[in-house]
Amino acid sequence: MTDYIKTADAPAEINMSQATMFPTPLYQVDDLPNVNRHAIQEVCETRRQFDKGRVVSNRNGWQSSDLVEAEYKHLPIVSMWDACIEISKKIGEESGLSKKYEHSVGSSWINANGKRDDYNQQHCHPGTYLACVYYVSVPEGSGDIVFCDPRVGHASNVLHHEKITLTNCIEVNVSPKQGQLILFPGWLYHFVKQNNNDEERITIATNIVLR
């Protein structure tokens with residue numbers, strides 16, 4: 001079978017419009033009000049002294065046990081949780097989410113990745129409305145967070161593009177800033193690249209759930 005290839009002259013100018021379907025939101029907030037990053041870092045370092053940690057998506061590095069389950073409610077951490085909840089409410093309101101839901105912190109944990117092939121493999125946060133990552137300490141080159149294209153059909157039919165855009169890429173790299181909060185849908189698969197800095201990258205992950 002031979003494919004048809006048009007060889008005639010191009011037609012007159014085509015009037016075409018474009019709409020973007022099924023967008024995936026990513027939110028970034030700098031300088032959270034009433035959140036003391038230095039105090040949070042001290043809490044993280046204290047917790048590490050007696051928390052043996054666990055292995056979930058992390059490969060090497062240290063991930064704390066669930067701070068909510070352990071009722072580790074130090075004021076600096078609670079202030080950050082409160083900010084996540086308020087931002088989640090704002091996002092829900094702007095996206096048309098029903099007001100019947102109560103926004104709360106379902107789980108939260110500390111991640112510390114050093115320069116020992118420390119990274120987080122691809123994963124998502126099932127049952128979570130918004131996954132939040134607060135960047136306590138972000139040395140230069142300590143690893144981007146990478147978001148994966150959720151469109152299965154698109155990811156299985158990748159073509160060569162001379163220019164990578166948000167509509168044809170299959171991964172989006174985000175270089176976070178210290179003190180920044182990143183929020184995204186809990187179903188969105190993501191991973192964290194290896195830390196290539198001698199200093200540790202420290203983050204706190206928080207899952208916002210709806211009841």
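Select S2 and strand S5 (residues 119-123): two bridges join them, and they run antiparallel. Helices (H or I, at least four residues) and strands (E, at least two) are DSSP runs, numbered from the N terminus. Within this pair, arginine 59 sits opposite tyrosine 119 of S5.

Before going on, a word on what you're looking at: this is a predicted model, where local features need pLDDT of at least 70 and side-chain atom pairs count only at pLDDT 80 or more, while totals for chains, interfaces and linings use all residues. Residues are numbered from 1 along each chain as its sequence is written, and side-chain values use heavy atoms, with hydrogens and water left out.

Pairing here takes at least two DSSP bridges between two strands.

**Into the core**

Next, pick Ile40, Met80, Tyr134, Leu181 and Ile204. These have the most contacts inside the largest nonpolar core, which has 28 residues. Such a core is a set of buried Ala, Val, Leu, Ile, Met, Phe, Trp, Tyr and Cys residues joined through side-chain atoms within 4.5 Å; buried means under 20% relative accessible area, exposed over 50%, and partly exposed in between (1.4 Å probe, protein chains only). Which helix gives the largest share of this core? That's H2, with eight residues.

Stay on tyrosine 134. Beyond its neighbours within four places in sequence, its contacts (heavy atoms within 4.5 Å) include Leu32, Val35, Ile40, Met80 and Ile204.

**Two helices**

Show H1 and H2, which pack at about 120 degrees with their axes 8 Å apart. Axes are lines fitted to C-alpha atoms, for helices over the stretch in contact, and angles run from 0 to 180 degrees between N-to-C directions. The contact is made by Ala39, Ile40 and Val43 of H1 with Pro76, Ile77 and Met80 of H2.

**Last stop: leucine 26**

Find leucine 26 in the segment before strand S1 (27-29). Leucine 26 is partly exposed, at 34% relative accessible area. Setting aside neighbours within four places in sequence, leucine 26 touches Phe147, Val174, Ile182, Leu183 and Phe184.
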